[in-house]
Amino acid sequence: MMESLWLDRESPFTSDSLPDEKHFDTIVVGAGITGLVAALLLSRAGQRVVVFEARTLGAVTTGNTTGKLSLLQGGVLSALRGQYALRVVQAYMEANKTGQAWLTQYLEQQGVPFQRRTAITFATTDDGGQRLRKEAAVSRDVGLDVHFSRDPGLPFPVVEALELEGQAQFHPMEVLDTLAKDVRKHGGLIVEGVQVQNVGSDRPLEVFTRKGTFTADTVVLATGTPILDRGLYFTKLEPNRSYAAALRPQAGTKIPQAMYLSIDAPTRSQRTHPTPDGELLLVGGYGHTGGRATSPKKHLDDLLGWASHHYPGAEVTHTWSAQDYQATNLMPFFGKLPRGHGRIFFGTGYNKWGMSNGVAAALSMTSDILGGQSDWATTIHHRVTSPQGAFQAVRLNAGTAKRMIEDKARVRSNPEITDETRPPEGTGVVGLYKGEPAAVSTVDGKVCLVSASCAHLGGLLGWNDADKSWDCPLHGSRFTPEGKYLEGPATHHLQKSVGKTRD
Ligand SMILES: Cc1cc2nc3c(=O)[nH]c(=O)nc-3n(C[C@H](O)[C@H](O)[C@H](O)COP(=O)(O)OP(=O)(O)OC[C@H]3O[C@@H](n4cnc5c(N)ncnc54)[C@H](O)[C@@H]3O)c2cc1C
Ligand code: FES
């Protein structure tokens, strides 16, 4: 079973019940790092706040992250510098420094354990070495005290490695548990199992959920990709799904102690995690665009193969996967959503660096709500989308449109689905059932037939053989074999018209 090391535990958190009161100063949607930091800052400032979470605390990306809090971020800074003036990249770094400083200070105050570690980006090819030198130059331009090394302590040769001392790593669910407790201490509510389906335009804002309608003066969408289509942000965000595993090394194996990330593709990430039974090795990477891999399981297998090659005899204790969103213009989006009277806020596009960017987004959104703003946020808001960013958005959407046409042809040419269709265990197929696109899968002996049209905008779903889910290749929505919403911009489950379960 795929379950992250972080979520495999007895959770100390229990959900609040659905409140009787119907109006709040702010409704925060989503209980990941962005939502909980925002909820804490607002409730500390005296606001009446409720967090509505569709699933459970940290269930989506924050509970499945690798939990590195680092300003050295692979090739991110040089990629940004390729599109923006230096002052904009400096503003990005200021945002991340502020997010990192806020979180480490908060964890220290609250007594949440975290480990200071050197962050290392390494190259295993000459091309990677060149990219690393560009990254080093931009890192220095924005004030990072980076230095090169030829021996970063890994069990394989590297061409070069770039190091930044004094970064941090933690258990992301311990962070969320602490934030959640603190939100409550300041009078906020956190209600799990409440999916927000829409937000109205009049004031106060009406927030429509599966469990009733509430109103708020302000709404913060901290849902990963934004759930409302206003501003069409889902067309400017690429979901990137990647894999992770925890391994117990063979007795006597020395695990490298830094936090590592490769600059060459496929991305490979590494860190340690202390447990009472000794240190675990965490590996991650081998990502792809969400919903577009032929076999996600192959990506996971490749990650595990790489880990076992370099750490022979290590026992795999957990495997998991998650997705995060990359903006086509590479810069995180946070602030006011269009057509929301300046009262609907959102934060997304952290490009796998949400531990600092998510906190920065929460700090910026909440100071906007409470009436302040920082220079870095103003610079990031006023950056002009670069020609590369605009081109990338066109490319992404052209790819999406092409994919839709190809998928329509594919579903017609696939074998027809009938009441007798029973795919082999752990697999799923799409085809026409009574003339409608349908998806049928068998998991743990249970055959489920659901609509194959994504509940967001109708993309044709594909089977994810690693997570055993139906994933959309267009904007990253995902559903269980029974058609229940898991993540992404959709706000509904899959249509029931063809849905039924057979044992
Ligand atoms: C494999 C992987 C490794 C990563 N490693 C790192 C790392 O080492 N360091 C780092 O800085 N970043 C890392 N990241 C990125 C980081 O984890 C994310 O950027 C961050 O967790 C995003 O937090 P969030 O609060 O915005 O979203 P989430 O944690 O996804 O929270 C959003 C919440 O909103 C809820 N929601 C969605 N729709 C609705 C709705 N309609 N109604 C109610 N609730 C809803 C979801 O259920 C979810 O709980 C990694 C990402 C991945 C995929
Ligand atoms: S996620 Fe947009 S159509 Fe599926």
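Predicted model: local features only at pLDDT ≥ 70, side-chain atom pairs only at ≥ 80, totals over all residues.
**Entry: the main core**

I began with the largest nonpolar core, which has 80 residues. The members that touch the most others are L36, L57, W102, L103 and L179. I then looked up which element gives the most to this core, and found helix α3 (residues 86–110), with 10 residues. Domain 1 (23–64 + 173–234 + 330–384) and domain 2 (115–170 + 236–326) both contribute residues, so the core lies between them.

Setting aside residues up to four places away in sequence, L103 touches I33, L69, F170, V175, M355 and V359.

**Entry: another core**

**Entry: H273**

Is H273 buried or exposed? I found it buried, with a relative accessible area of 10%. H273 sits in strand β13 (residues 268–275). Beyond its neighbours within four places in sequence, H273 has contacts that include L5, W6, H171 and E279.

**Entry: cavities**

How many cavities of 30 Å³ or more does the whole structure hold? My search gave two.

The largest cavity holds about 50 Å³ of space. Its lining includes K68, T121, Y260 and W353. Strands β4 (114–123) and β12 (259–262) each give two or more residues to that lining. I noted its classes as seven nonpolar, three polar and one charged.

The second largest cavity holds about 40 Å³. Among the residues lining it are V76, Y92, P332 and W353. Here I noted seven nonpolar, three polar and no charged residues.

How values were computed:
Residues numbered from 1 in each chain as written. Chains lettered and ligands numbered in written order. Heavy atoms only, no water. Core = buried A, V, L, I, M, F, W, Y, C linked by side-chain atoms within 4.5 Å. Buried < 20%, exposed > 50% of the residue type's maximum accessible area, 1.4 Å probe, protein only. Helix = DSSP H or I, 4+ residues; strand = E, 2+ residues; numbered from the N terminus. Domains from an automatic or database assignment. Contact = heavy atoms within 4.5 Å. 1 Å grid on protein atoms, 1.4 Å probe; cavity = no way out; pocket = protein on both sides within 12 Å on 5 of 7 lines; lining within 4 Å. Points joined across faces, edges and corners; volume = space filled by probe spheres on them. Nonpolar A, V, L, I, M, F, W, Y, C, P; charged D, E, K, R; others polar.
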